[in-house]
Each structure stands twice: as C-alpha cells, then as structure tokens.
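Subject: Structure handover

Hello,

Here is the structure we discussed. Please look it over with the notes below.

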Amino acid sequence: MDAFQIEGGRRLSGTVGISGSKNAALPLLAAPLLTSEPVKLSDVPDLSDIRNMRRLLDTLGCTAETVGPNTVSLHTTDTAQSHAVYEIVKTMRASICVLGPLLAARGQARIALPGGCAIGQRPIDLHLRGMEALGAQFELNAGDVVGRVPGGRLVGAHVFLGGPFGSTVLGTANVMSAATLAEGTTVIESAACEPEIVDLANLLNAMGARITGAGSPRITIDGVEQLGGTDYRVMPDRIEAGTMMVAAAITAGELTIENCPLDALRAAVDRLEAIGVDVHHESGDAYRATVTVGAGRILQPCHITTQPHPGFPTDLQAQFMALLTLADGHSVITEKIFPERFLHVAEMTRMGAQLFRQGPTVIASGVRTLVGAPVMASDLRASAGLVLAALAAEGTSTIHRVYHLDRGYEKLEERLASVGARITRIDADGD
Ligand code: EPU
C-alpha cells in the first residue's frame with residue numbers, strides 16, 4: 001500500500017493551483033441521470049471517489065467519457081438498471097447522490113445502504129424523509145433501500161431537512177435534484193447552505209431547472225417537465241484551498257494560491273487571521289481568487305467550533321488542529337458536525353502533540369516542535385492533518401495508508417513538492 005515519506009521542517013514557498021471540488025463534483029456527476037441529453041463537466045478532479053462515481057453511473061446506464069483534461073461528458077442512454085450495488089456503494093458513501101435523480105427520472109431506485117464509516121455513523125434518514133415528503137415510498141430489502149414513486153412522478157411539497165447536527169449537505173442535494181422534475185413547487189426549509197449546493201443549483205438551472213434561494217436555508221424549486229444538456233465548470237475545492245493555506249502557515253512559509261474559492265472560506269480565513277496568519281486577496285473575484293498566505297514562526301492559539309456553512313467546516317478541523325498543536329498556548333477545538341471525527345488525535349500525539357480530548361472537544365496545548373514518526377491515516381481529512389503535521393515536524397514521518405488521501409486530493413505529494421516540501425510516495429509493504 002502507498003505511503004508518504006515526509007522530511008519536515010522546510011518552509012513552503014511558491015504557487016499552487018486549486019483543483020475542481022470533489023464534494024461539488026460528486027452530486028454534479030449524478031445530475032445527468034435527470035436528462036437524456038449529454039452534460040459536459042469540466043474541472044472534474046481525478047480522484048478515486050470520482051472514478052467510483054463514474055463506475056456507479058455506468059452501471060446505471062449513464063456513460064461518462066473523458067473528453068479532455070479533467071473534462072467528462074455524461075450521457076444517460078439506458079434507464080433499465082436502477083440498482084446502486086453494495087460493491088460500489090461501500091467504497092464511497094456519496095453514492096447516495098444518485099437516489100434523488102433516479103427517483104425523479106425513473107420513479108424507482110434501489111441503493112445499498114452505506115455502512116458506518118471512520119468519521120461516525122452517517123445515517124440517511126433525512127434524505128429519505130425529504131424524498132417521502134415528495135411522495136416516494138421506501139422499504140428495506142436485503143441491505144438495500146428500495147424506493148418507488150406511486151404514479152411515477154414526485155409531487156412538490158414543503159420539506160424540512162434539519163437534523164440533530166444541522167442540515168444535511170447531500171440530503172439537500174438529493175431533494176433539490178429530485179424536486180426539479182416534480183409536479184409543482186417544492187420548498188426546502190433548513191436546507192444546507194454549503195457552496196457545493198449553490199454549484200449544484202447552478203448546474204441544474206443551466207439544464208433547465210427553476211431553483212431559487214440556493215445558498216440560503218430556504219430553497220424553492222418549481223418543477224419542470226424535463227431537463228436538457230449543458231456544459232458546466234465545477235467550482236474550485238474549498239477544502240483543498242484551506243489545506244494549502246494551513247500548509248503555508250504551519251511551515252512559516254508563503255504560498256500563492258490560484259483558483260481559490262475565497263468567498264467559501266470566510267470562517268477558515270477568520271480563524272487563520274486570529275492565529276496570526278496573513279491572508280491577502282491579490283486578484284480575481286472571490287470565487288476564483290489569487291490569494292497569498294504567509295505566516296511567521298509565532299502562532300496564536302484560538303477556539304474553533306465546526307458548524308454547517310457559513311460556519312467553520314468540519315472538513316478542515318484536522319488540518320487546523322495540526323496547526324494549533326504548534327500555537328503559543330491552549331486552543332479549544334469542538335466538533336459539532338461529526339462528534340467522533342477525531343481519529344487523527346492519537347496519531348498527532350505520536351508526533352509529540354499535546355492533545356486532550358473530552359467528548360466532542362479537544363484542547364490543544366501548543367508545543368515548540370513536533371517530531372517525525374510513522375503514523376496511520378484513517379480517513380481523508382485526518383490524513384491531510386497528518387501530512388501537514390509532518391511538513392512541520394523535525395525529522396522524517398511516514399504516513400501509511402494514503403489511499404484515504406487519494407480520495408480527495410489530486411497528486412497532493414507532487415504539488416507540495418513543487419513548492420519545496422520533501423515528500424515522496426513510497427510502497428510500504430505489509431501496511
Ligand atoms: N445526518 C443525519 N441524517 C442524515 C444525514 C446526515 O443525521 O440523513 C447528520 C450526519 O450524521 C452529520 C450531519 O448530519 O452529523 C451532517 O451530515 P451531512 O449529511 O451534511 O454530510 P454529507 O452530506 O454526507 C458532506 C461531505 C462531507 C462533509 C459533510 C459536512 C460530500 C461528498 N461529503 O457529507 O465531506 O464532511 O458534508 O460538511 O459532500 C469529506 O470530504 O471528507 C467529507 C466527509
């Protein structure tokens with residue numbers, strides 16, 4: 001299995017460009033199930049999650065052809081097979097994105113229930129509740145959720161998508177996609193406000209949907225009879241951009257970040273500035289900005305609480321924890337989206353971090369230096385946190401099981417090496 005070997009302690013400096021967003025691209029890739037016309041998506045990152053989604057779409061009669069660098073043309077030509085099988089769903093929880101489009105376009109869907117995962121339980125009750133409000137009916141059969149739409153067409157309704165941890169991002173994506181073809185108007189209350197939802201609404205509207213309010217907690221969708229094809233460019237990845245910002249800060253370096261979705265990163269930038277990191281918007285609009293990020297050796301401690309957007313993103317919690325292990329004092333990090341998302345804590349502790357966890361909160365008491373060590377990646381963002389810690393640590397670290405990282409960061413090691421990191425991909429046998 002692949003591992004990263006990182007010799008830490010080198011200041012990063014130079015320019016990095018941000019790829020298209022994984023979490024935007026996954027629901028966008030499912031949208032062509034809603035139409036019989038081709039949809040061309042550009043800036044689709046080349047990641048294992050994306051390849052798995054393409055594999056899933058293929059089994060559902062939607063072919064995804066690479067027609068240029070990071071550009072995919074998707075075309076639904078066969079609607080006979082509507083079963084998302086466990087072999088694919090178990091590799092990628094975002095497979096649930098096909099549920100809404102299948103129910104809307106075909107009146108039926110069968111999706112293997114995703115199991116638990118490293119960051120927590122991850123139920124889909126809100127997805128199902130939302131779709132039931134539009135008239136779908138579900139039963140559980142042999143580990144699959146089997147959905148059907150009596151009468152064949154969903155009917156618009158008021159849908160409330162709030163849950164114990166806020167709204168649901170992919171649940172909102174599913175209901176919004178499904179409602180585009182429903183009869184009448186759907187209003188989603190307590191909708192997720194994440195920028196990826198806005199990106200999906202923009203694509204669906206370009207396909208002929210009538211969606212307003214995306215990016216706010218109330219989204220209104222006037223159903224249409226059919227959707228058509230279009231060309232669309234995926235938004236840049238805000239989590240990759242935030243990770244690069246921390247890479248600059250944790251190495252006391254300076255990075256110029258191009259194609260940076262600054263507007264989607266306000267909470268993260270607020271925390272960076274509280275830590276004493278300088279973030280400067282050089283040029284471009286706030287959706288695709290050029291930004292320089294630089295920091296000195298002294299980092300201030302701070303408090304971070306993850307929240308639904310526009311709050312601080314859970315997907316940057318591990319990376320910021322790595323940074324705060326080196327701050328000059330005590331920081332408090334509270335996880336309010338996935339209260340169990342702390343698998344990186346024990347691994348960072350192996351590198352000399354002083355971290356004390358109590359329930360959903362971790363207190364980080366800053367240390368002067370981290371020390372390189374062999375550590376184990378456990379999920380995508382935890383892995384990114386460990387890579388960042390290793391970039392700052394004295395000596396050599398080996399990050400095992402980087403296949404987690406490859407799910408969400410395209411050629412991360414090459415891009416970090418291009419700005420001065422000593423990082424190589426190795427084949428660590430017996431992993
Ligand atoms: N939840 C429920 N019921 C549901 C759905 C969610 O209780 O039916 C709970 C979850 O357990 C969690 C909270 O609601 O506590 C939020 O979960 P959400 O549904 O918003 O998560 P998601 O849509 O499955 C997406 C991202 C995650 C990101 C979360 C939160 C994609 C493909 N995944 O997941 O990204 O952490 O939103 O922002 O978009 C990652 O990229 O590493 C990643 C895990």
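Helix 1 and helix 7 cross in a right-handed manner. (A crossing is right-handed if the near helix is turned clockwise from the far one by less than a right angle, and left-handed if anticlockwise.) Helix 1 covers residues 22–30 and helix 7 covers residues 195–206; they pack at about 35 degrees, with axes 9 Å apart. Axes are lines fitted to C-alpha atoms, for helices over the stretch in contact, and angles run from 0 to 180 degrees between N-to-C directions. Helices (H or I, at least four residues) and strands (E, at least two) are DSSP runs, numbered from the N terminus.

On the helix 1 side, the contact uses Asn23, Ala24, Pro27 and Leu28; helix 7 brings Glu196, Asp199, Leu200 and Leu203. Contact means heavy atoms within 4.5 Å. By class, this contact has 5 nonpolar, 1 polar and 2 charged residues. (Ala, Val, Leu, Ile, Met, Phe, Trp, Tyr, Cys and Pro count as nonpolar; Asp, Glu, Lys and Arg as charged; the others, Gly among them, as polar.)

A note on the source: this is a predicted model, where local features need pLDDT of at least 70, side-chain atom pairs count only at pLDDT 80 or more, and totals for chains, interfaces and linings use all residues. Residues are numbered from 1 along each chain as its sequence is written, and side-chain values use heavy atoms, with hydrogens and water left out.

Now the ligand. It is surrounded by 23 residues, and the closest are Leu126, Thr168, Asp315, Ile337 and Arg381. (The cut-off is a residue heavy atom within 4 Å of the molecule.) The shell divides into 12 nonpolar, 5 polar and 6 charged residues.

Polar contacts here are pairs of N or O atoms within 3.5 Å. A side-chain N or O atom of Lys22 lies 3.2 Å from a ligand oxygen. The protein covers 90% of the 820 Å² of accessible area that the ligand has on its own (Shrake-Rupley method, 1.4 Å probe). Helix 1, helix 5 (125–133), helix 6 (169–179) and helix 12 (380–392) each give two or more residues to the shell.

Two backbone points. The His309 to Pro310 peptide bond is cis, with omega near 10 degrees. Pro310 sits in the loop between strand 18 (303–305) and helix 10 (317–324). Ser190 is not a glycine, yet its phi is positive, near 60 degrees. Ser190 lies in the loop between strand 11 (185–189) and helix 7.

Best wishes

Terms used:
Polar contact = N/O pair within 3.5 Å; in protein donor to acceptor, adjacent residues only side chain to side chain.
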